[in-house]
Amino acid sequence: MPGYESEPDQTWDEYDWERFLQQQDHKTEKYMELLEKYLDDPQRDQIIAREMGWTQSLTQNEWSDEVDALLAEESEEGEQPDARAESSVESAIEGFEDHGLYRAAFALTVWIDQLFDDDGSLQNQPSAVKLATHSALASAKLAAALSDEDVDEIGMTIAYLKRALKAITTSMEAGAQLLSDKLISSSQYAVLQQRLFQVRDGII
């Protein structure tokens, strides 16, 4: 991140991480726009690299050589797996999947999917799409926040939690709009609100 290169050992707080994540969001949006624009162009990769400012991009031959070297390296590592590394990855995965907050967020997305299955017309309603999209986004942000137990990266965890909270707040607004438009019943809204508040309170 510009401005931090001179202090590589500085621990970032949530504001540093949020700025960094916003930059990554902008880069991702730009990349997706370029990919869509030049999808069928035979020079797509070179054009996108130039537009993205990836001036250090490798030539085709250098790229092939590097990919071959990486594949060979991974193959060698595959023959002698590091049990401790595998155990560490597995425990990180189990860690966030077993967390009560993540489970509540995941259960929310499953409940919304069932709501869509029961009433297919909701798929064409902007407020319903907004509810489903932002609930899923909250779940993804919580997975990112809860998967890193490194205390030095607490700023990153807080930044992801804030993003999850924002997504849940947007979901709550969408749910209220669905009720206002009489697209869901008051009993459905009561269940939805209870699930949304459970996740929101857990984040807070």
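Visitor: In what order do the elements of the chain run from the N terminus on?

Guide: In this predicted model, the elements run α-α-α-α-α-α-α-α from the N terminus on, and the chain accordingly holds eight helices and zero strands. Of its 204 residues, 28% count as buried, and the chain exposes about 13,700 Å², of which carbon and sulfur atoms supply 50%. Among the contacts with a separation of 6 or more, 61% are accounted for by residues 24 or more positions apart.

Visitor: What makes H5 roughly antiparallel to H6?

Guide: Helix H5 (residues 100–118) and helix H6 (residues 126–146) pack at an angle of about 160°, with their axes 9 Å apart. Because angles over 145 degrees count as roughly antiparallel, H5 is roughly antiparallel to H6. The crossing in which H5 passes H6 is left-handed.

Visitor: Which residues make the contact of H5 with H6, and how do they divide into nonpolar, polar and charged?

Guide: On the H5 side the contact includes Leu101, Tyr102, Phe106, Thr109 and Phe116, and on the H6 side it includes Val129, Leu131, Ser135, Ser139 and Leu146. The residues of this contact divide into 15 nonpolar, three polar and no charged.

Visitor: Why are H5 and H8 called roughly antiparallel to each other?

Guide: H5 and H8 pack at an angle of about 155°, with their axes 9 Å apart. The cut-off for roughly antiparallel is an angle over 145 degrees, and H5 and H8 are therefore roughly antiparallel to each other. Their crossing is left-handed.

Visitor: Which residues of H5 and H8 meet, and what classes does their contact have?

Guide: Among the residues of H5 that take part are Leu101, Ala104, Trp111 and Leu115, and they belong to a contact in which H8 contributes residues including Gln188, Arg195, Leu196, Gly202 and Ile203. By class, the contact of H5 with H8 has 13 nonpolar, three polar and one charged residues.

Visitor: How do you know that H6 is roughly antiparallel to H7?

Guide: The axes of H6 and H7 come within 8 Å and cross at roughly 160°. Since an angle over 145 degrees counts as roughly antiparallel, H6 is roughly antiparallel to H7. The crossing of H6 and H7 is left-handed, and by class their contact has 14 nonpolar, eight polar and three charged residues.

Visitor: What is the phi of lysine 182 near?

Guide: Phi of lysine 182 is near 60°, which is a positive value in a residue other than glycine.

Note on methods. Residues numbered from 1 in each chain as written. Predicted model: local features only at pLDDT ≥ 70, side-chain atom pairs only at ≥ 80, totals over all residues. Heavy atoms only, no water. Axes fitted to C-alpha atoms, helices over the stretch in contact; angles between N-to-C directions. Helix = DSSP H or I, 4+ residues; strand = E, 2+ residues; numbered from the N terminus. Parallel < 35°, antiparallel > 145°, perpendicular 65-115°, else oblique. Left-handed = near helix turned anticlockwise from the far one by under 90°. Contact = heavy atoms within 4.5 Å. Nonpolar A, V, L, I, M, F, W, Y, C, P; charged D, E, K, R; others polar. Buried < 20%, exposed > 50% of the residue type's maximum accessible area, 1.4 Å probe, protein only. Areas by Shrake-Rupley, 256 points an atom, 1.4 Å probe, with all protein chains shown as cover.
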